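Here is a short note to read alongside the model.

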Amino acid sequence: MGRGPAQDISRHQPRAARLARRRGARGVVLEGTGRGNVPASLFAAIGELLDGDVPVVIASRSHHPPEDGLPADQAMAERLGAIGARGLRPEQARVALMAALGNGGDQGVDAVRDWFARL
């Protein structure tokens, strides 16, 4: 995992999510399985990132991901403040997150959420 404005966290490792923040990531894309499901083991790490004003975007590898927000079964991640990728695949979501973060300097969770809402 390299340094940069946005980081991909693969294999759903809570330790990797925390490490991304320590390495200076300004945003994280979590690659969900299927419809964007994220294991409950990641909820604490998601919460820590969001509490540090590091946006967390959840994207799906599915060929038919939901276009409006996170799937219904991801209510907990959404309540924590995770941002749905609005139908973008993880690679696309990472580029979108970098654009959102580069849109006027340092952008926090709220600014990135607003940016993704306009997609």
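1. Let's begin with Arg86, which is partly exposed, its relative accessible area being 26%. You will find Arg86 in the loop that runs between strand 4 (83–84) and helix 4. Its backbone deserves a look: Arg86 is not a glycine, yet it has a positive phi of about 55°. For background, most residues other than glycine have a negative phi. Please keep in mind throughout that this is a predicted model.

2. Where does Asp53 sit? Asp53 belongs to the loop between helix 2 (43–51) and strand 3 (56–60).

3. Now turn to Ile46, a residue of helix 2. Is Ile46 buried or exposed? With a relative accessible area of 1%, Ile46 is buried, because the cut-off for that class is under 20%. Which residues does Ile46 touch, once its neighbours within four places in sequence are left aside? The contacts of Ile46 are then Leu30, Val38, Val56, Leu80 and Ala82. Take the pair Ile46 and Ala82: 36 residues separate them in sequence, while their C-alpha atoms are 7.3 Å apart in space.

4. Helix 2 also packs against helix 1 (residues 14–22), with the two axes 8 Å apart and an angle of about 10° between them. Angles under 35 degrees count as roughly parallel, and helix 1 and helix 2 are therefore roughly parallel to each other. On the helix 1 side, the contact is made by Pro14, Ala17, Arg18 and Arg21; on the helix 2 side, by Ala44, Ala45, Glu48 and Leu49. Sorted by type, the residues of this contact between helix 1 and helix 2 are five nonpolar, no polar and three charged.

5. The axes of helix 4 (residues 90–101) and helix 5 (residues 109–117) come within 9 Å, crossing at roughly 120°. That angle makes helix 4 oblique to helix 5. The crossing of helix 4 with helix 5 is right-handed. Helix 4 brings Ala93, Ala96, Leu97, Ala99, Ala100 and Leu101 to the contact, and helix 5 brings Val112, Trp115 and Phe116. How do the residues of the contact of helix 4 with helix 5 divide? Nine are nonpolar, with no polar and no charged residues.

6. Finally, step back to the protein chain as a whole. Its secondary structure amounts to five helices and four strands. Following the sequence, these elements come in the order β-α-β-α-β-α-β-α-α. Of the 119 residues in the chain, 44% are buried; Ile46 is one of the buried residues. Among contacts with a separation of 6 or more, 64% link residues 24 or more positions apart. The chain exposes about 6,200 Å², and carbon and sulfur atoms supply 47% of that area.

How values were computed: Residues numbered from 1 in each chain as written. Predicted model: local features only at pLDDT ≥ 70, side-chain atom pairs only at ≥ 80, totals over all residues. Heavy atoms only, no water. Helix = DSSP H or I, 4+ residues; strand = E, 2+ residues; numbered from the N terminus. Buried < 20%, exposed > 50% of the residue type's maximum accessible area, 1.4 Å probe, protein only. Contact = heavy atoms within 4.5 Å. Areas by Shrake-Rupley, 256 points an atom, 1.4 Å probe, with all protein chains shown as cover. Axes fitted to C-alpha atoms, helices over the stretch in contact; angles between N-to-C directions. Parallel < 35°, antiparallel > 145°, perpendicular 65-115°, else oblique. Left-handed = near helix turned anticlockwise from the far one by under 90°. Nonpolar A, V, L, I, M, F, W, Y, C, P; charged D, E, K, R; others polar.
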